[in-house]
Amino acid sequence: MKKYISIDIGGTAIKYGLIGENAEIILKESIKTEAEKGGPEILRKVIGIVEDLLDRTQETISGICISTAGMVDTEKGSIFYSAPLIPNYAGTQFKKTLEEKFHIPCEVENDVNCAGLAECRSGAAKESSIALVLTIGTGIGGCIVLDGKVFHGFSNSACEVGYMHMENSDFQTLGAASILTKKVAEWKGEPQEKWDGYHIFEAAKKGDKICLLAIDEMTDILGKGIANICYVINPEIVVLGGGIMAQEEFLRERIENALKKYLVSSIEENTKIAFAEYQNDAGMLGAFYHFCNSH
């Protein structure tokens with residue numbers, strides 16, 4: 001059985017392990033990203049991960065699959081734009097560096113695109129013809145998958161929906177999960193550390209009016225943003241991911257009602273809303289699927 005090293009580079013943690021040829025995760029571990037140390041340090045960590053896994057498995061590895069934050073040139077396997085969260089990340093040459101060092105083929109894709117691939121290949125959007133996949137976390141990331149392939153756009157920047165202009169701001173500044181926690185803490189006049197997503201939803205379920213209002217505002221913004229995208233691409237299914245979307249039971253009806261508010265009925269009735277099946281494994285699985293698509 002062929003085995004692949006898969007690495008998912010996020011702002012907080014780097015998840016990595018081995019994946020078999022049938023997309024089964026054989027091994028999964030993680031280390032801290034320490035994003036503030038910048039791109040060169042992340043590249044050094046990735047090299048160390050590959051060296052460690054090669055030493056431990058003592059088997060032939062058929063490929064190195066990387067999912068990462070930032071805008072990715074998938075042909076070159078390099079980062080061409082990154083938010084300030086990871087300094088000096090733009091210009092990081094994963095594919096070139098790893099292939100030259102280990103003589104193993106390497107492919108690199110954006111983390112949200114990887115999550116989209118995972119959901120469309122074997123998750124919530126399996127067998128869909130056109131899917132919009134959104135991850136709602138610190139920001140809002142988007143991915144369009146057409147007949148099983150990520151739509152990258154002309155310059156590998158398609159579906160950067162978090163930057164979409166809305167109400168004198170942008171989609172992610174208004175609708176991201178991180179904004180929910182800031183808003184609740186501010187309205188309550190309490191430290192933000194006290195109000196993470198878990199505590200907000202627990203309080204809302206008990207009838208906390210401030211938490212309920214903040215959630216209603218967030219879901220209304222999400223509904224409006226999703227509707228705007230749907231008017232352009234008319235997806236068969238919209239898959240919602242990110243840690244906050246584990247609250248499907250609490251959020252589904254609110255988001256569906258917001259879509260009914262902002263979408264004309266002929267589109268709304270033909271647009272399915274689903275919640276991501278893969279959370280922590282989405283990046284690793286999607287990186288593997290991207291590698292397979294490329295080879």
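Trainee: Where is the place of Asn-110?

Mentor: Asn-110 is in strand E7, which runs over residues 106–110; helices (H or I, at least four residues) and strands (E, at least two) are DSSP runs numbered from the N terminus. Bear in mind that this is a predicted model, in which local features need pLDDT of at least 70 and side-chain atom pairs count only at pLDDT 80 or more, while totals for chains, interfaces and linings use all residues. Residues are numbered from 1 along each chain as its sequence is written, and side-chain values use heavy atoms, with hydrogens and water left out.

Trainee: Is Asn-110 buried or exposed?

Mentor: Asn-110 counts as buried because its relative accessibility is 11%, where buried means under 20% relative accessible area, exposed over 50%, and partly exposed in between (1.4 Å probe, protein chains only).

Trainee: And which residues does Asn-110 touch?

Mentor: Leaving out residues up to four places away in sequence, Asn-110 touches Thr-68, Gly-70 and Val-72, contact meaning heavy atoms within 4.5 Å. A polar atom of the Asn-110 side chain lies 2.8 Å from the backbone oxygen of Gly-70, and a polar atom of that side chain lies 2.9 Å from the backbone nitrogen of Val-112. For a polar contact, a pair of N or O atoms must be within 3.5 Å; within protein, one must be able to donate a hydrogen and the other to accept it, and residues adjacent in sequence count only if both atoms are side-chain atoms.

Trainee: Changing topic, what does the domain assignment of the protein give?

Mentor: It gives domain 1 (3–110 + 281–294) and domain 2 (124–276), with bounds that come from an automatic or database domain assignment. The C-alpha centres of domain 1 and domain 2 lie 27 Å apart, and 8 residues of domain 1 are in contact with 8 residues of domain 2.

Trainee: Where does the second largest pocket lie?

Mentor: It lies between domain 1 and domain 2, because both give residues to its lining. The second largest pocket holds about 220 Å³ of space, and its lining includes Glu-107, Glu-109, Lys-149 and His-290. On a 1 Å grid over the protein atoms alone, a pocket is an open set of points with protein on both sides within 12 Å along at least five of seven lines, a cavity is a set where a 1.4 Å probe fits but cannot get out, and lining residues have an atom within 4 Å of a point. Grid points are joined across faces, edges and corners, and a volume is the space filled by probe spheres set on the points.

Trainee: Which element gives the largest share of that pocket's lining?

Mentor: Helix H10 (282–294) gives the largest share, 3 residues. By class, the lining of the second largest pocket divides into 2 nonpolar, 5 polar and 4 charged residues, with Ala, Val, Leu, Ile, Met, Phe, Trp, Tyr, Cys and Pro counted as nonpolar, Asp, Glu, Lys and Arg as charged, and the others, Gly among them, as polar.

Trainee: How many cavities of 30 Å³ or more are there?

Mentor: The count comes to 1, and the largest cavity has a volume of about 40 Å³. Helix H4 (171–175), helix H5 (177–188) and helix H7 (209–233) each give two or more residues to its lining.

Trainee: Last one: is Asn-88 buried or exposed?

Mentor: Asn-88 counts as exposed, at 62% relative accessibility, and its phi is near 55°, a positive value in a residue other than glycine.
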